[in-house]
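User: I am new to this structure and would like to learn how to read its features one at a time. Could you take me through them slowly?

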Amino acid sequence: DLELDLQRCQQLSVTVLTDHQDLSNTELKTITNSTAPQQYRIRAKLRTYKPQKLHQSVKLHCSKCNSLQEVPYGDDFDFILRGSANTAPNPELHNTSWYESVTWTTQDEKQREIAIHFVKHDEMLQHPEDTLLMIEGGTLKEIWKLTKKFKCVIPVRSTEDDLELLDLSAPFLLQGNVKYYGCKQCSTPKPIKNLSSIAAEQQPSWEPTEIAQVLGIELLQYVFIMKFTLVDETGALNAYLFDY
């Protein structure tokens, strides 16, 4: 458990970085007065680390504009889904040449209309574990149930002449228990019908990077970021960890 390990490191009098054993120890003052890039081995205490809660270390990074974003909470996604459910599915967009549609009305008070569009391959439905589907009007709970059975789920809503992605504050794609987001600044969403080009491939893999590309989405990547403050008798040094 990294969080416990970090706490133990704070309690130790000295933390030794074990890499670069061939190098002699360098004082932090010397490092801060040097120009990068250089390679050093240090002997220092860990004074603090941020964030204190490990889950806060996970961010979303756009490699195009180099922005960092917080990972949205599930409540935010649920709010967007509920808003999109106010738009009834457009029956004229059902059962096209590249997807098959199923609709029903829920039995609860709101009587929501739900539509699920199963993307076909060679005019046939694929096995669930190979299938991409699009859903209109579903709740977060219903979508998670679908991700357990089908390979990919894309939340959509109807317009007059096509299906479209929801607000990019929501994940544009769910695969297993992973939510994929797009950069609002760098994405230029394209029509959903562009997915038919992947369905026409010999063996559609429905990889998130390919789906994002045909839909004009700049895919955000999950990154792990931490800041450590290291000290010795000569000064302090901030060290940053950034990894995919």
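Predicted model: local features only at pLDDT ≥ 70, side-chain atom pairs only at ≥ 80, totals over all residues.

User: Is Leu-132 buried or exposed?

Analyst: Burial is read from relative accessible area, and a residue under 20% is called buried. Leu-132 has a relative accessibility of 0%, so it counts as buried.

User: Which residues does Leu-132 touch, leaving aside those up to four places away in sequence?

Analyst: With those sequence neighbours set aside, Leu-132 is in contact with His-117, Phe-118, Val-119, Cys-152, Ile-154, Leu-195, Trp-206 and Ile-211. Phe-228, by contrast, is 96 residues from Leu-132 in sequence, and their C-alpha atoms are 42 Å apart in space.

User: How should I read a helix, and which residues of α3 are buried?

Analyst: In α3, which runs over residues 74-84, the buried residues are Phe-77, Asp-78, Ile-80, Leu-81 and Ser-84. Viewed along the axis of α3, these buried residues fall within an arc of 160°, and therefore they line one face of the helix. On the face turned away from that buried side, α3 carries the exposed residues Asp-75 and Phe-79.

User: What covers the buried residues of α3?

Analyst: The cover includes helix α4 (140-147) together with the strands β9 (152-158), β11 (173-175) and β12 (178-180).

User: How many salt bridges does the rule count, and what is the idea behind them?

Analyst: Side chains of opposite charge can pair when their charged atoms come close. In this model the count comes to five salt bridges, and one of them joins the side chains of Glu-70 and Lys-59, at 2.7 Å from N to O. Because Glu-70 lies in strand β4 (residues 68-70) and Lys-59 in strand β3 (residues 58-61), this pair ties together parts that are 11 residues apart in sequence. Glu-70 is exposed, at 56% relative accessible area, whereas Lys-59 is buried, at 17%.

User: Which parts of the chain does the salt bridge between Glu-142 and Arg-112 link?

Analyst: The side chains of Glu-142 and Arg-112 meet at 2.8 Å, N to O. This pair links distant parts of the chain, with Glu-142 in helix α4 and Arg-112 in the loop between β5 (99-105) and β6 (113-121), 30 residues apart. Glu-142 counts as partly exposed at 25% relative accessibility, while Arg-112 counts as buried at 14%.

User: What do domain 1 and domain 2 bury between them, and what does the rule find across their interface?

Analyst: Domain 1 and domain 2 bury about 370 Å² between them, with 67% of it on carbon and sulfur atoms. Across this interface the rule finds zero salt bridges, although it does find two residue pairs in polar contact, both at pLDDT 80 or more.

Methods
Residues numbered from 1 in each chain as written. Heavy atoms only, no water. Buried < 20%, exposed > 50% of the residue type's maximum accessible area, 1.4 Å probe, protein only. Helix = DSSP H or I, 4+ residues; strand = E, 2+ residues; numbered from the N terminus. Arc of directions from axis to C-beta. Contact = heavy atoms within 4.5 Å. Buried area = accessible area lost by both parts, 1.4 Å probe. Salt bridge = Lys/Arg side-chain N within 4 Å of Asp/Glu carboxyl O. Polar contact = N/O pair within 3.5 Å; in protein donor to acceptor, adjacent residues only side chain to side chain.
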